[in-house]
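Biologist: I am new to this model. Please pick one part and take me through it closely.

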Amino acid sequence: MNEKTQQNNEISAINGKTLVLVGLMGAGKTSVGRRLAKHLGLRFIDADEEIEAAAGLSIEDIFEIYGEEEFRAGERRVILRILGESPCVLATGGGAFMDKEIRDAIKNNAVSVWLKADLETLLERTSRRGGRPLLKNGNPAEILEKLTKERYPVYATADITIESGNNTHEEMVGKIETALKEQLN
Ligand code: S3P
């Protein structure tokens, strides 16, 4: 099978739907998503980047100037719009899947994949890149732990769960493709 045919088979494995990556900050949604999109021959979209472009402000500034509620409203608008467009791989911000309207739209229009990482990995990765307002006011380890408790039961309702363990991003892509083939064919 040539590469193009293989890609097309993989795309039909998700039935022409968008593939949405969910998970906590630092789980690797953007890095894995970018690679996965290449493998599947789909566009890659990072929801946070789209929100920043729509607002003309960084996520940090949106939180600072308008507050979290306004950020969530913008996040909902942007993600609902993207879900109505042609299929892509969409990396969502960690809070997006907690919103019922977003979650329902994902359920109805996309295939969701939870990138499940342990606390240590999340802490290590989030400490490398700032720009995450939720981790600014307090101890990041405590905040992330609280978020795992609140959010993991909801993330667990995603169609597919991929444990990241010690896997590289490339290995994660392989695991997702295997899971897609097993689950959706
Ligand atoms: C958030 C996660 C961030 C960003 C915002 C809020 C959250 O995205 O959307 O800071 O609520 O978990 P990443 O998960 O891409 O860091």
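**The second largest pocket**

Modeller: The second largest pocket has a volume of about 190 Å³, the space filled by probe spheres set on joined grid points. A pocket here is an open set of points on a 1 Å grid where a 1.4 Å probe fits, with protein on both sides within 12 Å along at least five of seven lines; lining residues have an atom within 4 Å of a point. The model is predicted, so local features need pLDDT of at least 70 and side-chain atom pairs 80 or more, while totals for linings use all residues. Residues count from 1 along each chain, and side-chain values use heavy atoms, without hydrogens or water.

Ile51, Ala54, Ala55, Ile62 and Tyr66 are among the lining residues. Glu70, Phe71, Gly74, Arg77 and Val78 line this pocket too. By class, seven are nonpolar, one is polar and two are charged.

Now the helices (DSSP runs of H or I, at least four residues). H3, H4 and H5 each supply at least two lining residues. H5 gives the most, with five.

The largest pocket has a volume of about 710 Å³. Of its 31 lining residues, Gly26, Thr30, Asp48, Arg129 and Arg132 are the closest to its centre. The lining of the largest pocket divides into nine nonpolar, ten polar and twelve charged residues.

Definitions and conventions:
Ala, Val, Leu, Ile, Met, Phe, Trp, Tyr, Cys and Pro count as nonpolar, Asp, Glu, Lys and Arg as charged, and the others, Gly among them, as polar.
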